[in-house]
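This report is a first guide to the structure shown below.

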Amino acid sequence: MNAPKLSTKPPSGMRDFLPADIARRQHVIDVVRRIYGSYGFVPLETPAIENLSTLLGKYGDEGDQLLYRLLHRRDALQRGLEAGAKLVADLSEEARGAVGEDANREARADVRLYESQLADQGLRYDLTVPLARVAAQYDLPKFFKRYQIQPVWRADRPGKGRFREFYQCDVDVTGTQSLVAEAEVCGAVAEVLHALGFTDFKIRINHRKLLRAMMHHAGIDVAHEAAALVAIDKLDKIGQGGVLEELAVRGISAEAANKLMMLVLTADGEQLFGFDLNKVAEGPKTPIKRVRKQITDELGLRALDDLDQLFDLLAATPAGPHISLSLDLARGLGYYTGAIFEIAVPDLAGSLGGGGRYDDLVGMFGKKQVPAVGFSLGLERILVVMEERGMFPNLSIGPDVLLCWMEGTSRVDALRVAHALRRQGVKVEVFPEEAKLGKQLQYADAPGVKAPVAAIVGAEELKAGQVTLKHLASGAQERVALEGAGEAVRALMRQ
C-alpha cells in the first residue's frame with residue numbers, strides 16, 4: 001500500500017516568500033520605516049503569542065471567533081479535554097442546541113469555560129491591543145509615538161489580498177486627546193502612499209460617536225448598536241440590500257434599519273457614499289454641514305465639531321487632498337471611541353488600511369486610562385495593488401557578480417578574490433563546483449541568479465593581481481586590477 005502523497009503547499013491563507021517577493025516587501029517596508037521615522041515615531045516589537053486574557057473582548061464577538069488559540073501541551077491538554085468532555089456531558093439538550101447563540105448566555109459561558117480549559121494563549125490578532133498592553137505595563141514617554149511592522153494572524157476566509165497570516169504597518173500616538181495626533185498619523189500614512197506611487201487613494205473618515213448619534217436618530221436600541229455597527233461596516237462588501245438583511249437578522253426593525261440606511265447614504269437629499277468631496281466649492285467639509293442638519297443628539301454634534309476641526313488640520317498635511325467623510329464607515333473593532341479612518345483605492349474591494357482613536361483600550365488592562373490614536377497599513381494589500389499596477393521599480397535580487405574560476409585556479413584563490421570584491425561593496429556569488437567556463441556563464445544568466453557581470457579568474461589573472469569582468473548582456477569584457485574592480489563592476493552595471 002502506497003503512503004499518501006504529502007502536500008508541499010503551505011496551509012490555506014499562508015504563503016512562502018521567494019527572493020523576488022522579499023525584495024518587493026522590503027522595498028515597501030523600507031519606505032514605511034523611513035517616513036514613519038521622519039515623523040518622530042520609534043520602533044516597537046511585541047511577541048507573536050499573547051495571553052488570551054489580553055486578546056479576548058477587544059475585537060467584538062466576530063473578532064474573537066477569528067483568534068488563533070494555542071492548545072495546552074501534554075498533561076495540561078489532557079486535563080482540559082477531560083474537563084471539557086464532562087462539561088459537555090452535563091449540558092442539557094436545550095443548552096447544547098443553543099451553543100453559540102445569544103439566546104442562551106449560560107450555554108455560551110459554559111463553552112467559554114471549556115475553551116479556557118484547552119487554551120490560555122493565542123496568536124496576536126492585530127498590533128493595537130499589544131501596544132495597549134505595553135502602554136499599561138511600562139513607564140513610557142508622556143506622548144509615546146511608535147511604529148510597528150510585524151505579522152498578525154486571523155482565522156479568516158482567504159481571498160484577494162486577504163490572508164490568515166499578514167503584516168501590518170502600524171503608527172500610533174498615546175497619551176493625548178489632541179486632534180494633532182490624528183492629523184499626524186493620517187499625514188504619515190498619506191506620505192507613505194505618495195512615496196510608493198499612489199495618487200488615487202481616499203482616506204475615508206467617520207466618528208464612532210457620530211455613528212451612535214445616527215443609531216439614536218434611527219431609533220435603534222442601545223443593545224443593538226454593536227450589531228448594527230458590524231452590519232454597516234459591510235456596506236462596501238454586501239451592498240445596501242445585504243446590510244438591511246443583516247440588520248433584520250440581528251433583531252433591528254425594518255423601519256429603524258431603513259432610517260439608518262437613509263442617513264448613511266444621504267444628507268439633505270444628496271448622496272454621500274462615493275461623493276467626490278474635493279470637486280465642490282465648499283470642499284471636503286461640505287457633508288459635515290449637511291449631516292449637522294440631520295443630527296440633534298449632543299454627542300453627535302460634538303463628534304461633528306471634532307470632524308470639522310480635524311478636516312482643518314488635515315488640510316495642512318499630505319492627507320489633505322485625499323480626505324472624505326464616509327458615514328457608512330464603521331470599523332467593526334470594538335475598541336474605537338472617536339474618529340475612525342480607512343484607505344480605499346478604486347481597484348481593491350477591501351481597504352489598504354484603517355485605524356482610529358481608542359481612548360479606553362489601555363484602561364481595560366486595569367491601570368490608568370491612556371488616550372491613543374493609530375493607523376494601520378496592510379502590507380499584503382499594498383503589495384497586491386502595486387504588483388497589479390506595475391508600480392515597483394527595478395529591484396535587484398541576485399548577486400552583482402558571479403565569480404567563475406578557470407581550470408588550474410584553486411577554490412581557496414576563488415574565495416580570496418570573492419572576498420576582495422565584497423570588501424569593495426560588490427555582491428558576489430562564487431560558482432561552487434569545478435566546471436567549464438561556458439557552464440558557469442550559463443548559470444550566471446539563469447532565472448533566480450541573473451548576475452549582470454561575471455568575474456573570471458584564471459592563472460594569468462591571479463599572477464597579475466587582476467580579474468576579467470564580462471558584462472553578460474552586451475558580451476563586453478575587460479581585465480582590470482582586482483584592487484579597483486568594484487568601481488569597474490558598478491560602471492558595467494550602469495550600462
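## Sheet and helices

Helix 15 (residues 379-389) lies across strand 6 (165-174) and strand 13 (372-378), and its direction is at about 40° to strand 13. The model is a predicted one. Another helix, helix 9 (residues 208-218), lies across strand 7 and strand 11 (339-344).

| Helix | Lies across | Angle |
|---|---|---|
| Helix 15 (residues 379-389) | strand 6 (165-174) and strand 13 (372-378) | about 40° to strand 13 |
| Helix 9 (residues 208-218) | strand 7 and strand 11 (339-344) | about 60° to strand 7 |

These strands belong to an open sheet of eight strands with mixed pairing, in the order 1-5-6-13-12-11-7-10. At its edges are strand 1 (42-43) and strand 10 (323-325), each of which pairs on one side only. Strand 10 pairs with strand 7 (residues 202-207) in the parallel sense, over three bridges. Within this pairing, Ile203 has Ile323 of strand 10 as its bridge partner.

Leaving aside residues up to four places away in sequence, Tyr36 touches several residues, among them Phe41, Tyr147, Cys169, Ala188, Val192 and Leu377.

## Two loop residues

Asp347 sits in the loop between strand 11 and strand 12 (353-357). Asp347 counts as partly exposed because its relative accessibility is 31%, which falls between the limits of 20% for buried and 50% for exposed. Beyond residues up to four places away in sequence, Asp347 touches Lys160, Val385 and Arg389. With Arg389 there is a polar contact between the two side chains, at 2.7 Å. Asp347 and Arg389 are 42 residues apart in sequence, and their C-alpha atoms are 9.5 Å apart in space.

Gln424 is in the loop that joins helix 16 (411-422) to strand 15 (428-430). A polar atom of the Gln424 side chain lies 3.2 Å from the backbone oxygen of Ala420. With residues up to four places away in sequence not counted, Gln424 touches Leu482, Glu483, Gly484, Ala485, Gly486 and Arg490.

Technical notes. Residues are numbered from 1 along each chain as its sequence is written. This is a predicted model: local features need pLDDT of at least 70, side-chain atom pairs count only at pLDDT 80 or more; totals for chains, interfaces and linings use all residues. Side-chain values use heavy atoms; hydrogens and water are left out. Helices (H or I, at least four residues) and strands (E, at least two) are DSSP runs, numbered from the N terminus. A polar contact is a pair of N or O atoms within 3.5 Å; within protein, one must be able to donate a hydrogen and the other to accept it, and residues adjacent in sequence count only if both atoms are side-chain atoms. Contact means heavy atoms within 4.5 Å. Two strands pair if DSSP finds at least two bridges between them. Axes are lines fitted to C-alpha atoms, for helices over the stretch in contact, and angles run from 0 to 180 degrees between N-to-C directions. Buried means under 20% relative accessible area, exposed over 50%, partly exposed in between (1.4 Å probe, protein chains only).
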